[in-house]
Amino acid sequence: MSKNALVFLATIPASVEELAITVKKARVRFVSGKGKDLTVKVSDPEQWRFVAEAGVFLQKAGKGGAASNLNVMGDVVVGKGGVVIGGGRKGEQISVGEGGVYIGGSVKGGVINTGTVINTGGGAFFGGDVICGGDFIAGDKICTEDTAAASLECIEITVPQDYAGSLNLVWSGSVEADLGDFSAGSINLSGSGNARIDAGRLEGLDVFELKARGSTYLNCRSIRTAVFSYESEGSGSATIQALRAEVVNVSVSGVCRLSVDAGGARCGSVKASGCSTVEFRGDFKKLKAERSLTSAVTIG
């Protein structure tokens, strides 16, 4: 994340108990600072809604152009890329959204080709390229695993070393997050789509929770928390060099891999299904394990 490309957005009082960040397609970075309050910088201030006093930041749906209006025999066309062919009676109003096509009569002397339309009816994940020659409609936006970094909106939050609040990060689509060294009340990460999350030392937590669907990758140096909860459905991997927790609850399905290299826990459970793999090395013998025939769980 280039600091030169970021501009100041807001100052957050250190008294805020939780940072709530919702992103649709963004890179999120936390850095340690020496100031008393938290500061927020972004690559494009117009793409965020925020309430600094409450620590709430919401990325807008996307960059939109100005709406265009066209009068055709009393009809009105609204929306970038909207097309109307065949006007109605004078005084009628026709609203066409971005990329929409309305044909009110016959078309002569040519062919209208709207391209291939893929209607997912809900979320969809593709690990490779998708070429359809048209638009995706009536469903969630489809994001590939190889989303270009340059297309991601960026937000950077500088956090005082003594900040004691919590972090709640929610994503849909694509997110690249760098949590750095974060000591907080709780860290809650949840979303669907493509997620790549890096972290250094996460210390003194009440709860560390990750709940994700899609392609999720987590790389963390160490976590020390009362409760460690990890739930992943889809694909991806998580590597944690050291984990210390009172309670551990893990549930993975699909083609997921979770690896903990060292640490320990007093109690908890591990469940793996699909073709998933879970491996705990260290003092984790009190964890109860459950797996399907095609999955693997190793507890040392």
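**Entry 1: E156 and E153**

I began with E156, which I found in strand β14, strands being DSSP runs of E of at least two residues and helices runs of H or I of at least four, both numbered from the N terminus. E156 counts as buried at 5% relative accessibility, where buried means under 20% relative accessible area, exposed over 50% and partly exposed in between, with a 1.4 Å probe and protein chains only. I looked up what its side chain meets, and the side chain of E156 makes a polar contact with the side chain of R29 at 3.4 Å. A polar contact is here a pair of N or O atoms within 3.5 Å; within protein, one must be able to donate a hydrogen and the other to accept it, and residues adjacent in sequence count only if both atoms are side-chain atoms.

I then turned to E153, which also lies in strand β14 and counts as buried because its relative accessibility is 8%. I noted that the side chain of E153 reaches the backbone nitrogen of D44 at 2.9 Å. Leaving aside neighbours within four places in sequence, I listed the contacts (heavy atoms within 4.5 Å) of E153, among them K25, R27, D44, W48 and Q59.

**Entry 2: the model and its confidence**

I note that this is a predicted model, in which local features need pLDDT of at least 70 and side-chain atom pairs count only at pLDDT 80 or more, while totals for chains, interfaces and linings use all residues. Residues are numbered from 1 along each chain as its sequence is written, and side-chain values use heavy atoms, with hydrogens and water left out.

The chain averages a pLDDT of 80, and 69% of the residues score at least 70, pLDDT being the predictor's confidence in each residue, from 0 to 100. I marked residues 63–80, where the pLDDT is below 50 and the stretch has 42 contacts in the model beyond near neighbours in sequence. I also marked residues 131–150, again with pLDDT below 50, and with 51 contacts counted in that way. Where pLDDT is low, the predicted coordinates should not be read in detail.

**Entry 3: fold and core**

I counted zero helices and 21 strands in the chain, and 37% of its 300 residues count as buried. The largest nonpolar core has 61 residues, and F30, L202, F208, F228, L243 and F280 have the most contacts inside it; such a core is a set of buried Ala, Val, Leu, Ile, Met, Phe, Trp, Tyr and Cys residues joined through side-chain atoms within 4.5 Å. Strand β17 gives the most to this core, with 25 residues.

**Entry 4: aromatic rings**

I found five aromatic pairs, where rings of Phe, Tyr and Trp (its six-membered ring) pair if their centres lie within 6.5 Å, with planes under 30 degrees apart counted as stacked, over 60 as edge-to-face and the rest as tilted. F50 and F57 form a stacked pair, 5.8 Å centre to centre with 10° between the planes; F50 is partly exposed at 36%, whereas F57 is buried at 1%. The rings of F280 and F284 have their centres 4.9 Å apart and their planes at 55°, so I logged the pair as tilted, and both residues are buried. Ring pairs also link F208, F228 and Y230 into a cluster.
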